[in-house]
Amino acid sequence: MSTLLMTSKDGTSKFIPIEKIDNFKEKIHGEIITPTDDQYESAKKLWNGMIDKKPALIARCKGVADVIAAVNFSKEHNLLFSVRGGGHNVAGTAIADEGLVIDLSEMRSVTVNPEQRVAHAEGGVQLGDLDQETQKFNLAVPVGLVSATGVAGLTLHGGTGWLLRKHGLTIDNLLSVDIVTADGQLKKASENENSDLFWAIRGGGGNFGVITGFEFKLHPVGPKVWMSVPMYPLDRAKEVMDACCEYMKKAPEDLGVLGVYWSAPEVPEVPERYHGTPVLILLGCYTGPFEEGEKVIAPLREIGTPIADLSAPMTWVEAQKFLDEDYPDGAFYYWKSIYMDHLNGEVLEALAKHTATRPSPESSIDVWMLGGAMNRISPTATAFYKRELPYMLGIEANWAKREDAPANIKWANDVIKDMQKFTSGGSYLNFPGFVEEKEALLQGSYGPNLNRLREIKAKYDPSNLFSGVLNIEPK
């Protein structure tokens, strides 16, 4: 083989001489993996079983120099490329079909300065890596809810988790980034250095470069927290959600809650007659003073009599892994989202109806209770615009067999379509489906911030080298 067939940025095919690839290999310390290598199948595999793309090259980077070499190689040959961080990437955009994958998944170093309450994480770090290091000092970064999630992808589109009401989104706790931009240079971006670029990456995704390092502000959390996990039958969901929403108006911001329309798990704590039946779970985490936690979550557990209640104290690390088993590698996923202005009776009745008609019992509709610190930041202070609304729906279609994809994807889209009549809308870009509705996602997520994003894109990436999950084209 004297050449390798690859896809260019404009979608055409081109042959890259093997000597060029050999030269590329000599410039990096990590591996260059091709389709003929033994590790290729495992290297291209993503968490979402729906994604089965076949990249021509995978550059498994060991450090910043490798990332710079990979960016320059793709630019030199005008190649289609993608950037892979350390985690889920439910939309599958981390893999460039017949292109180059710049893979940061082995860049997983975390360092913590407990005195300054600052953590530095490389671009391939997962939430579990971050929690493991920061909890040694009873500190935490406000991140997501599943430990195998990648810090990079989560952060670049906002970052929602248990701490959002107390400390805001993940981006609201970002102090700086190290980023390789389209000119092949490593830059620092912060409030004081390349501040326009720092504004853009906080919500603007991977459109501006490859972020090799994140610097986060830390907050005292743990070591023990209280989890709320009462389960109520679906026919009582309206009453329960009404009471939950009313309580959350006055609850301390140390309490984060999701109303999860799901299925009762097959565990000993749940009576067997309810196994697999549709339920509403008031899933919450209280991270304030531990001795007050049981009292704070009590109102969520006492809206009548739950069919089961798995509420308990646990460590923060355990809380962050509480949902891990529900999102196994290789299962099939399609997630969408919509922000809600209100949750009136008609909305709640619709949610119960859609829960009852799920094609898969693993699927859920998650009602995120927003507000607090997330809302106190101006919508124009970062690229992340949708801050003012009180609720967000995460529609998670999760299923076990590939042939069931059409029915499950249709269900998720039907839920979104139905919910649009109740709200001014907008989407959370970590749950973007397969990015089918590009312009609607852009407008719904960024609003008036989109023009500024395109101007900053023109400054740092005028040739549109980076496209991220959702391509923001330069103005």
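Here is a short chat about a helix pair and a strand in this predicted model.

Biologist: What should I know about the ground rules?
Modeller: The model is predicted, so local features need pLDDT of at least 70 and side-chain atom pairs count only at pLDDT 80 or more, while totals for chains, interfaces and linings use all residues. Residues are numbered from 1 along each chain as its sequence is written, and side-chain values use heavy atoms, with hydrogens and water left out.

Biologist: Are H1 and H3 roughly parallel or roughly antiparallel to each other?
Modeller: Helices here are DSSP runs (H or I, at least four residues), and strands are too (E, at least two), numbered from the N terminus. The axes of H1 (residues 18–27) and H3 (residues 64–76) come within 9 Å and cross at roughly 160 degrees; axes are lines fitted to C-alpha atoms, for helices over the stretch in contact, with angles from 0 to 180 degrees between N-to-C directions. Angles under 35 degrees count as roughly parallel, over 145 as roughly antiparallel, 65 to 115 as roughly perpendicular and the rest as oblique. The pair is therefore roughly antiparallel.

Biologist: How many residues of strand E22 are buried?
Modeller: Buried means under 20% relative accessible area, exposed over 50%, partly exposed in between (1.4 Å probe, protein chains only). Tyr391 and Trp399 are among those pointing one way from E22, Met392 and Asn398 among those pointing the other, and all are buried. For E22 (residues 391–399), the count is 9 of 9.

Biologist: Which residue in E22 is the bridge partner of Tyr333?
Modeller: Strands pair if DSSP finds at least two bridges between them. E20 (residues 332–340) and E22 run antiparallel, joined by 9 bridges. Tyr333's partner in E22 is Asn398.
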